Amino acid sequence: MTFRKVNIFILVLAVVIFLLVLHHNILGLSDLLKRELSDSSPLGLQPIDFIPEAPQRLTEDWNDKEIPVVITASDDRLGGVIAAVNSIQQNTKSNVAFHIVTLNDTVDHLRSWLSKTSLKNVKYQILDFDPRMLDGKVQVKSEMPDSIKPLTFARFYLPNWVPNAEKAIYLDDDVVVQDDIFELYNTPLQQGHAAAFSDDCDSTSNKFAVRGAGNQYNYIGFLDYKKEAIRKLSMKASTCSFNPGVFVANLTEWKRQNITQQLEKWMALNVVEEIYSRTLAGSITTPPLLIAFYKRHSNLDPMWNVRHLGSSAGKRYSPQFVKAAKLLHWNGHFKPWGRTASYADVWEKWYIPDPSGKFNLIRRHTDTYEAK
């Protein structure tokens, strides 16, 4: 056998061995995938920094159906609204219409900011909130006359802002969206449910400690169970609360169930009987919503409301988890436009500076964000 024939023989043998090894590996990978799929556990049982696999894209074709997004805008937080709108617009192919609810003294500033920046082509409508709607429904303490923020109650009147819509998304102004809001809009709601919220017992926010109120993640943290009006409702005190800063609403069902009227009823009763928890440290908009939607709401994917980023100046989540979140929510005292906040640089990627110079970020130090 010549030297050339030996080389050819060795080459053929090497190719055959390679193909056999490749076939074996493919079979092994197939078995592994089958085991992974059969052994997978619900998201709620995963550790706090669990990052799920990228979900399969919705098979529905993109269409021109309008997606209404309702968001409030107060002058001292206007930068938050701009970042939220920009993040949504940059991450979607859908026809999104923003319904921005504000007060009279903010309209000109907001319109100028939108029209003089890259957001000038965004579809939006500015709506005026009349604080007189809250007369007799909120109690203003004499020692804290500015404690009531009227715009926090705009979500109670959702059908007013989008009267012709069948469905809408409500967002707080301290969020940014990192995925396509089309997916959030298509959150399935069970029959008879007027809204879908993110429960406080989910894997990304369970047992959140609130200063002065202990673990404010269930109903007893928001409602006073010593009051007869609350006891009569027979609501379990240990029931998980939910976060009302991000939700999807079926407005047809909302109107059918008179949700707005229910919320006003409980607001007015609180003025008279103080049915909210005395240690309430969170928003006073939450208790009436908890009552109206007790065991009558659907659930959001927890990754669509990764919250408590504003609960402290430290980092609650890993950089990898923050990067994987679909929506980041800085609820709490530490806002991303303020002096100290976790992952403020992630939020700032979506912020567009105010052309008028009225709104400025407050920064003490630069916080480097690296997803390793």
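Buried means under 20% relative accessible area, exposed over 50%, and partly exposed in between (1.4 Å probe, protein chains only).

**Ground rules.** I'm working on a predicted model, where local features need pLDDT of at least 70, side-chain atom pairs count only at pLDDT 80 or more, and totals for chains, interfaces and linings use all residues. Residues are numbered from 1 along each chain as its sequence is written, and side-chain values use heavy atoms, with hydrogens and water left out.

**Cores.** I looked up the largest nonpolar core and got 53 residues. Val-69, Ile-169, Leu-171, Leu-184 and Leu-328 have the most contacts inside it. A second, separate core has 46 residues, including Tyr-157, Val-162, Tyr-225 and Ile-291.

I then checked Val-69 for contacts (heavy atoms within 4.5 Å). Leaving out residues up to four places away in sequence, Val-69 touches Ile-88, Val-96, Ala-97, Phe-98, His-99, Ile-169, Leu-171 and Ile-181.

In what order do the seven strands of the open sheet run? I read 3-2-1-4-9-6-10, with mixed pairing; two strands pair if DSSP finds at least two bridges between them. Strand 3 (124-128) and strand 10 (298-299) are the edges, each with a single partner strand, so one side of each has no neighbour in the sheet. Strand 6 (residues 195-199) pairs with strand 10 in the parallel sense over two bridges, and Ala-196 stands opposite Ser-298 there.

Next, the helices on the sheet. Helix 2 (residues 78-90) packs on the sheet and touches strand 1 (66-73), strand 2 (95-102) and strand 4 (167-171). The direction of helix 2 makes about 165° with that of strand 1; axes are lines fitted to C-alpha atoms, for helices over the stretch in contact, and angles run from 0 to 180 degrees between N-to-C directions. Helix 3 (residues 107-115) also packs on the sheet, touching strands 1, 2 and 3, and its direction makes about 170° with that of strand 3.

**His-109.** I found His-109 in helix 3. Buried or exposed? His-109 is buried, at 7% relative accessible area. Not counting residues up to four places away in sequence, His-109 touches Asp-75, Leu-78, Asp-354, Ser-356 and Lys-358.

**Asp-179.** Asp-179 sits in the loop between strand 5 (175-177) and helix 5 (181-185). At 15% relative accessibility, I count Asp-179 as buried. Its side chain makes a polar contact with the side chain of Lys-326 at 3.2 Å (a pair of N or O atoms within 3.5 Å; within protein, one must be able to donate a hydrogen and the other to accept it, and residues adjacent in sequence count only if both atoms are side-chain atoms).

**Disulfide.** I found one disulfide (a pair of cysteine sulfur atoms within 2.5 Å). Cys-201 and Cys-240 form it, with sulfur atoms 1.8 Å apart. Why does the pair tie together parts 39 residues apart in sequence? Cys-201 lies in the loop between strand 6 and strand 7 (209-210), and Cys-240 in the loop between helix 6 (228-231) and strand 9 (242-250). The link is left-handed, with -105° about the S-S bond. Cys-201 is partly exposed at 33%, and Cys-240 is partly exposed at 24%.

Technical notes:
Helix = DSSP H or I, 4+ residues; strand = E, 2+ residues; numbered from the N terminus. Core = buried A, V, L, I, M, F, W, Y, C linked by side-chain atoms within 4.5 Å.
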